[in-house]
Amino acid sequence: MTRSTVVSLATFALLSYTSDAAAVHKRDLEAPVEIEGGWEYQGCYLDVGRTIDKDGFRNDEMTNEMCGEFCYDRGYSTFGTEWHQECFCGDKLAPGASEADPNDCDTACLGDENQPCGGSNRLSLYKRKGPDINPGWMDYEAIGCWTDSPGNRALTNEEYSIDPDEMTVKKCIEGCATRGYILAGVEFGGECFCGNTITNDHELADAEDCSYACKGNRTELCGGTGHINVYDFKLHAASSASSSSSSASSAEPTVCPGQPQNVLSWSWAGCYTDTPAARTLNANAMTSYQMTLEMCAENCAGYKYFGVEYQWECYCGMEFHGSSTQRPASECNMLCGGAQCDFCGAGDRLSVYAIGDAPPTPSLDPTTTDDAPSQSPTAPVPTDLPDGWDYYGCWVDMANGRILNTQTLDDPQLTLASCVAECDRRGYSIAGTEYYTQCFCGNAIYNGGELADSESECNTACGGNNDEFCGGPNRMSIFSRGEPKIYQPPAATQRVGDWVYAGCVTDTAGLARTFPWQLIFDGTLTPKICTDACAEFGYAAAGLEYGVECYCGDPENIEVNGASIVDDSECDMGCAGDGGAMCGGPSRMTTYFWDGDEPLYSWGFPEDGTAEAGSYEFLIGGVVIPLMTSQAITGKVTFLEKWTTGPPNSTGAYELDLTAIDNFELAWRTMNVKTDLFCAAGVTLPDKAGRQLTVGGWSGESTYGVRLYTPDGSDGVQGTNDWEEDVDILSLQDGRWYPSTLNMANGSILVVGGEEGSNGAPVPTLEILPFTGGAPLYMEWLERTDPNNLYPFLAVLPSKGIFVSYWNEARILDEKTFETIKTLPNIPGAVNDPMGGRTYPLEGTSVLLPQKAPYNDPLGILICGGSTEGIANALDNCVTIYPDAAEPEWVLERMPSKRVMSCMAPLPDGTYLMMNGAMHGVAGFGLASNPNLNAVLYDPEKPVGSRMTVMANTTVARLYHSEALTLLDGRVLVSGSDPQDGVNPQEYRVEVFNPPYLLSGKPRPTFTIENTDWDFEGSYTFTLGSPAVNGAITATLLGSVSSTHGNSMGARTLLPAVSCSGTDCTVTAPPGPYICTPGWYQFFVLDGGIPAVGVFVRIGGDPAELGNWPEGEGFTRPGI
């Protein structure tokens, strides 16, 4: 597969390069000053999480020109290249972005070694010239940015003939001028409207409200949301009265535009119907694009009548012919081509003038002359149509809106067959032709369309074939595959299943959306499709917009994002999949709220400062920015960080004595590593010393590293042991960066996946420690899903299989052959992106749900948070599955907020504490923003949808490389954060979170236990310090954890059987290695849910005899 759009680790990929990279750094690089598309170089800029974050991609032949073309095509105004091969697009810079030293942009583009493509956390930044206001075209001058509304347009006639993706000011003006209007307006980047006056009390607005670039010319402005750039022909509309126009000086309109009562010696006689098949005035016709009333009058000298039609057509006659009827003067509303204060008829409408003493109301002669066209109003139907298509008559258009909802580009050579063929090619079942050159397509007749009174109303010859008729003014010649389905004018569906209509709601397109999640259902959208999609992912509000767009969110988003409920008339577009149902309009949403018997979610919100909310507490100032933490069986906490790539004075390893917090020097012990374990993996070994193991690293020999530490020391007494490593004696077979580790049921250690180091090639293998004699095993699924499968989640299942989850997939492996036993359903991602992922760099967090004695139920897996590729929307849901179930399925539940790079710590009372992370972005340096400061408590005993409680907030941003670890005293240790985003600091401070059970005021139990080395199914006694006072005595076993990047390796929650007689109690160890993998566990005794301070116990011994491993000097072996 291709690499991820967002490359989360590129910001440090050159730190250890020596030869080739050095040559790149030394090369003189010169950024192109200008790039085709109107791009201008702005300089070298600091990249802050992310500086530009709307779109992007990565390419091994990247140049600034390639990036510019990509961003131009998507309509963005700013782009930047970074780290050789990355391209990012957007419209504005993130807060904190600033110009950097030009020399910092020192990484050459992979596609052009002579130009820079940014650097480490640096962007080569370009902005597009403009977009600016186009001053005008064809005597149409810009008159400013005006307010507009979908339900009450400033300019009431939309010009449909222009492809929205090709919209320019010039095309809109030409379209309006052709139709005889003196005002043209562009809006929303791709919409064009025409008119002769600005209506509905709309007013001038601030120029910045029209900020959208035209889709067909990104250098000029085309309005905005609810705002329109207006152009006025010779500024005629600026004055409500004008005595004359320069090109028709003797015509005397009372207003501009208007219909003069007198032209030379001719007098206004009225507006009359006309038809090409039987002209009302049939003599001395002429056409001119500069037509004026005077010009036509002069052409018709000697005749009693002259008439002007369709802006530039002139007809003369001594009397009327055919069946012309007088119409209201308002139907003659097209401006003369050469005098745009005067009306010159309209489509099939004549502005008629009479000479001297001719009757002001002409007499009608129903006969036609030899000069009239011989064609009948009912023209032959073409026979060269695609199979299944037939003619279904002449239909009325625009009585309540368009009856077909897709218009193709106007075609001067249009024929009936060509329109049908185009609609057939596009997959539509209905085609309609209208007014010479227009072709429309659809799958139903919308807006209550109905047959015209007579076939003769479709009377305009096709532009490409005068022998057939292509509709008429507001009339369509309809062809269909079968009887067309008819929808009445759209109306809001008041109830859709468990959803109730909430009104027409504004949407701030281009800024913050009212509802955050967008789905596109082109051609299929209905209220049910949208509401079903939102409900599936737990959203209680659904908005339908512009006929094809669906948005999901919560009712509260309306107020929070400054939206409002407006009159229903502003939502005026039918749904693409159900024309009778309303689906919003431009920047308007037909909105529904969930109204089912049960809420989609119910979260707890205890009052801040109460015991139920828990609390954050500063613990101690730090000496390290850890990327991995673990509590050793001695009770001390080990911290591991980048070494050689971290702070210059770092040794890479430290240990914290929690009993010496008041003595900084005693509390912290400096330790040492030999290679950089940046993004390594780790577990606690099941040997009797509880040694800690880390494997892998960031580059070179460190990726092969296998490191061991034997915990020593005691409360208040620092140990002397240190990390041991010798790659010549002990190493991985495959070097790995971002692997995962697992304590297997047989006592061995499984190492899975990773990359070769520093954004290198995937390492799609797994291997066993200690070395078994076989080569690493290739896994196709690891190669196929790189790089979104790093730090996969692993677990031993009661069925004896091995669960593995990576990106958005999961499977069960055979514990001996590692062949796939069962492929599980794909993991749900975002409501609009099934490819949203859960493992690094789309980093979520995962734990195993509690296993309760007698352990008959299948083991549950809980995964929370994550992100999407590209735009990097953090996920706001958790998913649960029971892999050993007969038909396992993922169950989704909403989280109270989005979260990526989160951590989750199992607690002694069987709940889980989720904390840290960001609400946007992906894992990596500078790749996330908007820290998530609150903790969330997850209680699996509650019903799905009601399991989460929003807890206390911290003031410390915990982003990339932050960790959470449950301590023996029941608190959760919170540490680290290395965002490198120019906004949030590297974090040395260490906090603890106090869960509610520590703040309840209830007494904590105490206990003593002598035997801490347990066999499976063994019974072990412990003694309470006093009788239970809070409730029942229970026990919990929490697996020893190595916490890194949201992956709590070793975590497992077991609730063993306990019985008590007075203060004498017995606990029964779990039954075997598939329920409880051999190793070390924190053992807690609880009185009515209040835990005592725990102790470490070992369960299941050391079946792989790791205590005798490894052989060779320089390693401590505790024995069996």
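Buried here means under 20% relative accessible area, exposed over 50%, and partly exposed in between (1.4 Å probe, protein chains only). The model is predicted: local features need pLDDT of at least 70, side-chain atom pairs count only at pLDDT 80 or more, and totals for chains, interfaces and linings use all residues. Residues are numbered from 1 along each chain as its sequence is written, and side-chain values use heavy atoms, with hydrogens and water left out.

Start with the cysteines. The structure holds 22 disulfides, a disulfide being a pair of cysteine sulfur atoms within 2.5 Å.

Select Cys-109 and Cys-117. Both are buried, and they form a disulfide with sulfur atoms 2.0 Å apart. The torsion about this S-S bond is about 95 degrees, so the link is right-handed.

Next, select Cys-67 and Cys-87, another disulfide, with 2.0 Å between the sulfur atoms. Cys-67 sits in helix H2 (residues 64-73) and Cys-87 in strand E5 (residues 86-90), so the bond ties together parts 20 residues apart in sequence. Helices (H or I, at least four residues) and strands (E, at least two) are DSSP runs, numbered from the N terminus. Cys-67 is buried at 0% relative accessible area, and Cys-87 is buried at 1%.

Move to Cys-575 and Cys-583, joined by a disulfide at 1.8 Å, S to S. Its torsion is about 90 degrees, so this disulfide is right-handed. Cys-583 is buried, with a relative accessible area of 0%.

Now go to Cys-903. This residue is in no disulfide, and the nearest cysteine sulfur, that of Cys-864, is 12 Å away. Cys-903 counts as buried at 2% relative accessibility.
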